[in-house]
Every structure is written in structure tokens, then in C-alpha cells.
Amino acid sequence: MTQDDVAECGPAVWRPVRATDTGLNGRAARLLTSEPTDDAGWPADLPAGVTEVVIVEDTPSPTATLKVQTSGDAAPMDARVRFDQLAVRATPADR
């Protein structure tokens, strides 16, 4: 096993979503706040206690939000969340 293999197997490294990011559709994201909001500052319509979501858009919208969906056993719920309140797992290209 090489040093690169160890880095790939290590703990997940999260990085904030950037306004210029593309290819986000389907990626898991971690909420960076306990009270996420939309572009107008209204609370996102997510269940209390949700810390991770799945992004369902490719890139942040012109209003600086991303459509996300809850994951897990419960019925999925959609919400719009400001991109700067989300982090995604870093890929080797991000490092």
C-alpha cells in the first residue's frame, strides 16, 4: 500500500461548496449550520437534526442556492439551501 492509498482510505475531508463548482448532482453534502436557510434568509424546509443531504443540482443557482434532498430511511424531502452553508467530500482534484 502506497502513501497515496493511505490518503484515499483516511477519514473524509470536507470542503465548502464554491459558487463556481459544477458536477455536484448526486454528491453527499454536510450542512455547515444547524439552521440552514435559502437565499432570502428563510429557514430551509428540512427536518430538525438533519446534518447530511444529497445535492440534486449540478451547480449553484443564480440566487446562490442548491436544491438538496434528505437521505436515509425517511421519505425524501427537498429544500433549497445557500451553497455557502454546504460542504462536500473533497476529491483528489481538490487537494
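Predicted model: local features only at pLDDT ≥ 70, side-chain atom pairs only at ≥ 80, totals over all residues.
In soluble globular proteins, nonpolar side chains tend to be buried together. Here the largest nonpolar core holds 16 residues, and those touching the most other members are V17, L46, I55, L66, V68, V81 and L86. Two or more residues come from each of β2 (28-31), β3, β4, β5 (78-82) and β6 (86-89). Leaving aside residues up to four places away in sequence, L46 is in contact with L31, P36, V53, T70, A79 and V81.

Turning to charged groups, side chains of opposite charge can pair when their charged atoms come close. The structure contains 6 salt bridges. One of them joins R15 to D21, with 2.9 Å between the closest N and O atoms, and both R15 and D21 are buried. R15 and D21 also belong, together with R18, to a network of salt bridges.

Another salt bridge pairs E52 with R30, at 3.1 Å between the closest N and O atoms. This pair links distant parts of the chain, as E52 sits in strand β3 and R30 in strand β2, 22 residues apart. E52 is partly exposed at 30% relative accessible area, and R30 is partly exposed at 33%. D78 and K67 form a further salt bridge, their closest N and O atoms lying 3.7 Å apart. Because D78 is in strand β5 and K67 in strand β4, the pair ties together parts 11 residues apart in sequence. D78 is partly exposed at 39% relative accessibility, as is K67 at 31%.

Finally, the backbone deserves a glance. Most residues other than glycine have a negative phi. A64, although not a glycine, has a positive phi of about 70°; A64 is placed in the loop between β3 (52-55) and β4 (65-70).

How values were computed:
Residues numbered from 1 in each chain as written. Heavy atoms only, no water. Helix = DSSP H or I, 4+ residues; strand = E, 2+ residues; numbered from the N terminus. Core = buried A, V, L, I, M, F, W, Y, C linked by side-chain atoms within 4.5 Å. Buried < 20%, exposed > 50% of the residue type's maximum accessible area, 1.4 Å probe, protein only. Contact = heavy atoms within 4.5 Å. Salt bridge = Lys/Arg side-chain N within 4 Å of Asp/Glu carboxyl O.
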